[in-house]
Amino acid sequence: MASVVLKSFVGLRSEEASAVVLQRSATVSQPRRRFSVLASKSSPRVAGRNLRVAVVGGGPAGGSAAETLAKGGIETILIERKLDNCKPCGGAIPLCMIGEFDLPLDIIDRRVTKMKMISPSNVAVDIGRTLKPHEYIGMVRREVLDAYLRDRAAAAGASIINGLFLKMDLPQSKNAPYVLHYTDFNSKTGAAGEKKTLEVDAVVGADGANSRVAKGIDAGDYDYAIAFQERIKISDDKMKYYEDLAEMYVGDDVSPDFYGWVFPKCDHVAVGTGTVTHKGDIKKLQIATRLRARDKIDGGTIIRVEAHPIPEHPRPRRVSDRVALVGDAAGYVTKCSGEGIYFAAKSGRMCAEAIVEGSENGKRMVNESDLRVYLEKWDKTYWPTYKVLDILQKVFYRSNPAKEAFVEMCADEYVQKMTFDSYLYKRVVPGNPLDDLKLAVNTIGSLVRANALRKEMEKLTV
């Protein structure tokens, strides 16, 4: 078996300088934590106004950040270029997010309680047997979720600008403002918009994988995947099959390093795939994904085609002076599963909370130490999750035989329980030592069989 070499997550741990949800009102109660670093205590008070913060980007990260900032007494301006944006995203959210972010149940298109994991040889494993009656994976459309979070930020007092962020001028002195340049599409100057500037005390970059805010602070590059998705309208009879079911396809035909998916939405399915290593072949991989699912989507009509870059690891720099990156701009998408919605919203909220507390509810200027409170809390909480999923991707996504072993392993009930508990509630769940030992033995056995199969396949191709 090939050895697994783990690269450390750049930017995690060491920065460059170092509930049951039953109704809409249900929330996950969490103890309030006091931050030990309050650098703003020595920072000057903001004279004659409250701290002014710009949030660039209106997805889950930006919407959550803007709402938290506005509620905390910060003068908040959110800039989003496309208010009806439909990002190519599977749209899966964990159960804990619904309560934690007080999401209304009517924005959830489907409650997935069953999944099929389908191997390169089309062996299907049913997943979901360990779910409790109230547990499910929520399926949302990004245009609906994003708009809801932005509207809630606006209701809390944030100003929403329909505009394209262009660049920012960095401060010329310690507490001088950042000057943001953007094209305002709210103006009456036609489709071209009007060039404007905005002075702010701090900036939250929530503008996605191609973040211009990140470029403005020289945050560094990262590997990225291309996600390609088609929304396909299928007949009501075929839609019944996907009523509470999602499918994941693995195999070099659909993606050499990721997976293909069919996720149910309100009245259609989202069919997509992604890859880091074969970006130029993304359309071929998408065709293969459709072919694998053809019996269930045959006769469907493609109603929308979407593509977007997805980060593969955190950026080398996520905080610089009074600028912080969150969501995809920071690189918060997990390996193996490709999940990003919850982590985007959570990072936006955690960053905003650090600004609110550091500024004493907008009364004082913030500095880099305040923003690093968010970074340290984030890394401490979620570093194990990212590391575990990185290991899984390196071990099981490297070849078709390894993917066969992965699907075989997913049939194990203990694996399903551990996986769903970790996903639904966003924690690395401690296991039973005896079951963990059995799982290790079974995993090794699966990998040995996969390696033997790989060798036999190589002989046939010589």
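In this predicted model, ring pairs join F101, Y332, Y342, F343, W378, Y382 and Y386 into a cluster. The structure as a whole holds 13 aromatic pairs. In one of them, the ring centres of W378 and Y382 are 4.6 Å apart and the planes meet at 50 degrees, so this pair counts as tilted. The range for that class runs between stacked, under 30 degrees, and edge-to-face, over 60. Both W378 and Y382 belong to helix α10, residues 368-396, where four residues, about one turn of the helix, separate them. W378 and Y382 are both buried.

Helix α10 also takes part in another ring pair, that of F396 and F406. Their centres lie 5.3 Å apart with the planes at 35 degrees, so this pair is tilted as well. F396 lies in helix α10, while F406 lies in helix α11, residues 400-410, so the contact ties together parts that are ten residues apart in sequence. F396 and F406 are both buried.

The charged end of R315 sits over the ring of Y222, at 4.2 Å from its centre. Over the face of Y423 lies K426, 4.0 Å from the ring centre.

The strands remain. Strand β8, residues 159-169, pairs with strand β2, residues 75-80, in the parallel sense through four bridges. Within this pairing, I79 stands opposite I161 of β8. Strand β8 is also joined to strand β9, residues 178-184, by six bridges, and these two strands run antiparallel. Here K167 stands opposite H181 of β9.

Note on methods
Residues numbered from 1 in each chain as written. Predicted model: local features only at pLDDT ≥ 70, side-chain atom pairs only at ≥ 80, totals over all residues. Heavy atoms only, no water. Pairing = 2+ DSSP bridges. Phe/Tyr/Trp six-rings, centres within 6.5 Å; stacked < 30°, edge-to-face > 60°. Buried < 20%, exposed > 50% of the residue type's maximum accessible area, 1.4 Å probe, protein only. Lys NZ or Arg CZ within 6 Å of the ring centre and 35° of its normal.
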